Structures are given as C-alpha cells and as structure tokens.
Amino acid sequence: MAKTAVVTGASSGIGAATARRLAAEGFDVVAAARRRERLDALAAEVPGIRPATLDVTSQESVDAFAAELERCDVLVNNAGGAFGLEPVASALVDDWQRMYDVNVLGALRMTRALLPKLIASGDGVLVMLTSVAGLVSYEGGGGYCAAKHAQTSMTETLRLELCGEPVRVVEIAPGMVQTEEFSLTRFRGDTEKAAKVYEGVPGPLTADDVADVIAFAVTRPAHVNIDRLVIRPRAQAAQHKVHRV
C-alpha cells in the first residue's frame, strides 16, 4: 500500500510543487487548501493526488479533515504566508494575527490532529516549512519573522517531545523563493513592489527547488532525520546580502 502524504497550502507555489513531487515519488498525496478549484485542477493534472478542502485557521475544518483521513505517513505543514512589510512601530495588528494564525497555529492544529496517525504509521515524517526568517530577523519583517521563529521553536520542541516515537521531525527553511503569490500577497497585490524583490537576482529559488529537498528529506531511511535544511539561491548569502545584476 502506498504511503499517504498530506500537504497543506497545496493550491499554489511550494505546496503545489511538493504535491506533484511526492506523487512522482509514489506517495498517495492529499493536497489540502481552501481554494478547491485549484486543487481539482491539480488532481486532474497529476495522478496520485487527491484534493481536500481545508482551512488550517479553522479548528472545525481541521477536525473534519482529520476524521476523513484514513492514514497519514507524511505531513507537510506548508500553509503560511507574509502580510505587510511595515516596521514594528507602525505594524498592523490584524496582519500579525493572520500571520500567527496560519503559520503557527495552523501548523499546531494540523500537527495535533494528525500526530496519532503519524505515530500509528510506524515511520511518520512531520515536515515544517519555515523560513530563514525564523532564524535571522530583518527590518520590515517583524511579524513574519516572529511567526516563523515561533514555528521553528515549535519544531525543535516537537523533536524533543517525540524522541523515542517512530516520527521524524524535519524543518525546511527556504530563503528567497520566487513564486506567483508570496510577495504579491505581502505587498497587498502591488505587482510592481512584488517584482522588485526579485529584480536583478540571477536565479532565485523556484517552488520546485524547495519541493526537491522536501522529497529528499522524507524519503531518507527511517533512522535518518534531517533536522534542519536551509536552502537559498547562490545569489543570496544572507537576508541582507543579495547579489543583483
């Protein structure tokens, strides 16, 4: 029987790329997100993907999803996002609330709901899609950095608490990834500002690059845990050090 992998935030970007890649690796992939029409299109395109409507910010939605799921061998907590780039002094509390709810509490809800199934699988893999923003802060990133630092801390705590259980806890922390929605969402739909993030950068990461390392991590032998994998484009030495041409 094929192993089942759940990918949240699978309607676009890294989530969709990860769903495709894990299906190619032979997993029965449950692609979960709010935008069902996108998931249906993804499932029609790729054999091995099942669409599932899910809002990780709703406990009711998460509970209903978990109740319908027969098994779970891999959980990729990918749902997340950044909203706004204001300094802390003028930050919008609603933006911080949204970022915390989807990045941190969303991952918590899914982990709590599916952890029993991961343990029951005998070789579960829990993947947290964090960010280099969870390791190093930067101006304008206060809310997103706070949320990702919290998610990183939760990942480290889980690894300690699950020591001895048949579950591997993996953190994937990407740097600059150019997807169709991340920066556009952060800049509230301003396409010009979103484009400037990647302007002149030779080869920012793609969603497929990140999906590639997720697939690597979850397909290692059961005794091998990839604690944390940081992936950046060659042009990005740090958040504040990016080569542009």
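How many of the 5 residues of E1 are buried?

**View 1. Strand E1 (4-8) in its surroundings.** This is a predicted model: local features need pLDDT of at least 70, side-chain atom pairs count only at pLDDT 80 or more, and totals for chains, interfaces and linings use all residues. Residues are numbered from 1 along each chain as its sequence is written, and side-chain values use heavy atoms, with hydrogens and water left out. In E1, 5 of the 5 residues are buried, so the strand is largely enclosed by the rest of the structure. Buried means under 20% relative accessible area, exposed over 50%, and partly exposed in between (1.4 Å probe, protein chains only). Thr 4, Val 6 and Thr 8 point one way from E1. Ala 5 and Val 7 point the other way. E1 pairs with strand E2 (residues 28-33) in the parallel sense, over 5 bridges. Ala 5 stands opposite Val 29 in E2. Helices (H or I, at least four residues) and strands (E, at least two) are DSSP runs, numbered from the N terminus.

**View 2. The open sheet of 7 strands.** The strand order is E3-E2-E1-E4-E5-E6-E7, with parallel pairing. Strand E3 (49-53) and E7 stand at the edges, each with a single partner strand, so one side of each has no neighbour in the sheet. On average, neighbouring strands are turned by 15° against each other, direction ignored. Two strands pair if DSSP finds at least two bridges between them. E5 and E6 pair over 6 bridges in the parallel sense. Leu 126 has Val 169 in E6 as its bridge partner.

**View 3. Helices on the sheet.** Helix H8 (residues 207-218) lies across E4, E5, E6 and E7. H8 runs at about 160° to E6. Axes are lines fitted to C-alpha atoms, for helices over the stretch in contact, and angles run from 0 to 180 degrees between N-to-C directions. Contact means heavy atoms within 4.5 Å.

**View 4. H4 against H5.** The two axes come within 8 Å and cross at roughly 15°. That makes H4 roughly parallel to H5. Angles under 35 degrees count as roughly parallel, over 145 as roughly antiparallel, 65 to 115 as roughly perpendicular and the rest as oblique. The crossing of H4 and H5 is right-handed: the near helix is turned clockwise from the far one by less than a right angle.

**View 5. Helix H5 and its cover.** H5 has 20 residues (142-161) and should span 28 Å at 1.5 Å a residue; its end C-alpha atoms are 28 Å apart, which agrees. Expected span is 1.5 Å times one less than the number of residues. Among the buried residues of H5 are Cys 145, Lys 148 and Thr 155. Their cover includes strand E5 (124-129) and helix H6 (182-186).

**View 6. H3 beside H4.** Helix H3 (residues 59-68) packs on H4 at about 20°, with axes 9 Å apart. H3 and H4 are therefore roughly parallel. Their crossing is right-handed. From H3, Gln 59, Val 62, Phe 65 and Ala 66 meet residues of H4 including Arg 109 and Leu 114.

**View 7. Asp 227 in the loop between H8 and E7.** Asp 227 is partly exposed, with a relative accessible area of 39%. Asp 227 and Val 170 are 57 residues apart in sequence, yet 5.0 Å apart in space, C-alpha to C-alpha. Leaving aside neighbours within four places in sequence, Asp 227 is in contact with Arg 159, Val 169, Val 170 and Glu 171.
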